[in-house]
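Here is a friendly walk through a two-chain model, written for reading alongside the structure viewer. Please keep the structure open as you go.

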Amino acid sequence: MSGPWAVEVDDLSVRFGDFTAVDAVSFKVSPGEIFGFLGANGAGKTTTIRVLCGLLVPSSGKVRVAGLDAADGLMAIKRKVGYMSQRFTLYDSMTVGENLSFAAALRKMPGDVLARRTRELFDTIGFDQPVTMFVRDLAGGYKQELSLATAMLHDPEVVFLDEPTAGVAPAARARFWRLIRKIAASGKTVFVTTHYMDEAEQCGRIALMRAGKLIALDEPGALKTRAFPEPLVEIEAGPGAPEEWIQDVRRDAAVLALKPHGLRWHASVADAAGVERLVKALGSFATVKPITPSLEDVFIRLVEGADR
Amino acid sequence: MSSVFDARRAMSIARKETWHIRRDPVTLIVSLGLPVLLVLFFGFAINFDVKSVDLLVADGDHSRISRELIEVVSASGYFNVRRAASAAAAADALGAEKGKAALIIETGFGRELRAGKPVEAQVLLDGADNSNAGIVSSYLASAEGAVRARLTGASAPPVTLRTRFLFNPELDSHWFVVPGIFVIVVGLISSLLTALTVAREWENGSMEILLSTPVRPLEIIAGKLAPYMALSFAAIMLVYGLARLVFGVPFLGSHLIFALATLLFLAATMSQGLVISVVTRQQQLAFQTAMNTGMMPIQLLSGFIFPIESMPALFQWITMILPARWYMILTRSLFLRAPDFSMLLGPLSALMGLTAVFMLIAWRMFKTDLEP
């Protein structure tokens, strides 16, 4: 079927010699979605993105991007997508304006269109640095914003952002994500990879990759309830806790898993009755409160599950 | 061939490269300053002229005739005549590198000659210094004719050897060396410049973004070649001025053909550099490869120092893939003779062919996918 998907990946595999970088991955992304792509380095995220941008020919499987597939030609796909790669790749010895003008010239964009798009994008992004400024003199956050503007100059339907906020200050990261939401709200599909869990929370759906395989794909909330169907509590011991209290908790049959989180402990408990018993036993010296798992908890569990 | 090449995209790459070049003092210095400096330096340093060779003379005869022989040799101006006590002393002095050649005249040389018998004087040459030995031996051989004329007097028709050197009558080795050096210097630098340019984009990741646009390999190749060609052409003009003004090398050929030959040579060496760049994808490796493939082969096999005609057939074939070999022929004949265009057709078309082959290889080897 060729539904109204922005990205369709069907049984995609990419092999480099004996190494399988992407292993039989399938998923679909709808237009206007913020699609998060997570996984450790080497999990196959960048390789997948490169295939989707027409930079890499898959070993097997099919991809369809913005309604186009390999039969329409890689060039046709390249016209419909924007790509911001992991590394900062603007030209340092050129000005902001020259970088944009070069990107426009490669896409044969007329001068007036370039001027209009630059104005629009700078407005959206809130980029206020002078165009005559050399890129090497821009601060990190501005560089990322300019990279994004360059990737979106030709008004692509799908934007691929490969770790766009790596090495950027927290305030600039937050700014950048506001931007991503704005872009998605305007109907563009944003396909983004990240290592930051707070960023992953902001995605519409998250795909988790592990050693070339897709091990989970869902909305952040759904992923949490699926990974942790049982209650999760946080235990913080106050002063006056008996020395061996944590051993007692560990021995409790209802406690399925216990992991330290800084000075606190996270325990997943078999059922509500188990939680009540814990509260009763520890109540005099510790606080026990139910929590929703963080995405980090979820990924640790999912990855461990996939390894088993 | 709009599906392979779009001139406007190539132009935009060229414009971008021009920005890079203009703002990178290192590139400018290396491409314009270095050739001038090297040609000046080596132009003065390398000198094939053989003058004031130390010649040890052991005269065991002490006759009028032996003295005449020595006088003729010393009058040639090529030798610094120094006396040796005996033949053995002369040979020892050669061994101790106190001279480059020895002339040994045995006792009875004059008497035998007057008696009408064939006589011989012995010449010893320091064969370890191969380049001088050849020249010295040919100087002495030509002295032989002059000696015979003087010694035999009117009784035999005077035999004189008149050697006239065509095209470089002064036998000024600058005339020969300078056009050669500039081929080598510009050839090496120009291939180095382009060897680094594509590798640089791979290394800093901008190639990935470049390739995510609809740009095609041939457009990148052409766009990168053009500005560097212009740059190196300017370098050649500087060096040309140097050859004419500083070294006084004449230029007898056509400037138009020289410009054409230069463009073809630059196109060939630069596309060779691009092949290196496209294949290595790393600046360090590209640099080393360009130096290793450029330096030694060009110096030794281009005909700069060692005549190609005296190489074994296999090596003569190998020299054919060196753009410098063809440009060397072209510059030397354009500077020093006024050649017919028909004589230059061969080297010119060889350069054209090499450019086409290197371009084709660079284009075909240019990977548009990012397989690590």
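## The sheet of chain B

Strand S1 (residues 53-59) of chain B and S2(B) run parallel to each other and pair over 5 bridges. Strands here, like helices, are DSSP runs numbered from the N terminus, with at least two residues (E) for a strand and at least four (H or I) for a helix. Two strands pair if DSSP finds at least two bridges between them. One of the bridges joins Asp54(B) to Asn80(B) in S2(B).

Before going further, a word on the source: this is a predicted model, in which local features need pLDDT of at least 70, side-chain atom pairs count only at pLDDT 80 or more, and totals for chains, interfaces and linings use all residues. Residues are numbered from 1 along each chain as its sequence is written, while chains are lettered from A and ligands numbered from 1 in the order in which they are written.

Back in chain B, the open sheet has 4 strands in the order S2-S1-S3-S4, with mixed pairing. Strand S2 (79-83) and strand S4 (122-125) of chain B are the edge strands; each has a single partner strand, so one side of each lacks a neighbour in the sheet. On average, neighbouring strands of this sheet are turned by 25° against each other, direction ignored.

Helix H3 (residues 64-75) of chain B packs on this sheet, where it touches S1, S2 and strand S3 (101-105) of chain B, and its direction makes about 145° with that of S2(B). Helix H4 (residues 87-95) of chain B lies across S1, S3 and S4 of chain B, at about 160° to S1(B). For these angles, axes are lines fitted to C-alpha atoms, for helices over the stretch in contact, and values run from 0 to 180 degrees between N-to-C directions. Contact between two residues requires that their C-beta atoms, placed from the backbone, lie within 7 Å.

## Chain B as a whole

Chain B has 14 helices and 4 strands. Of its 372 residues, 40% count as buried; a residue is buried if 20 or more other C-beta atoms lie within 10 Å of its own, exposed if 12 or fewer, and partly exposed in between, with C-beta atoms placed from the backbone.

The domain assignment of chain B gives domain 1 (7-46 + 172-370) and domain 2 (53-152); such bounds come from an automatic or database domain assignment. The centres of these two domains of chain B, taken over C-alpha atoms, are 48 Å apart.

## Where the chains meet

## Strand pairs in chain A

| Strands | Sense | Bridges |
|---|---|---|
| S1(A) (residues 7-16) and S2(A) (residues 19-29) | antiparallel | 7 bridges |
| S3(A) (residues 34-39) and S9(A) | parallel | 5 bridges |
| S9(A) and S10(A) (residues 213-218) | antiparallel | 5 bridges |
| S11(A) (residues 232-237) and S13(A) (residues 264-269) | antiparallel | 4 bridges |

Val7(A) stands opposite Val29(A) in S2(A). The hairpin of S1(A) and S2(A) has 2 residues between the strands, and Gly17(A) there takes a positive phi near 65°.

Strand S9 (residues 205-210) of chain A is mostly covered, with 5 of its 6 residues buried. Phe37(A) has Ala207(A) in S9(A) as its bridge partner, and Leu208(A) has Ala216(A) in S10(A). In the hairpin of S9(A) and S10(A), with 2 residues between the strands, Ala211(A) takes a positive phi near 50°.

## A helix and a loop in chain A

Which residues of helix H8 (residues 220-227) of chain A are buried? They are Leu223(A), Lys224(A) and Ala227(A). Seen down the axis of H8(A), the buried residues fall within an arc of 100°, so they line one face of the helix; the arc is that of the directions from the helix axis to the C-beta atoms.

Gly167(A) lies in the loop between strand S7 (158-162) and helix H6 (170-185) of chain A. Gly167(A) is exposed, with 9 other C-beta atoms within 10 Å.
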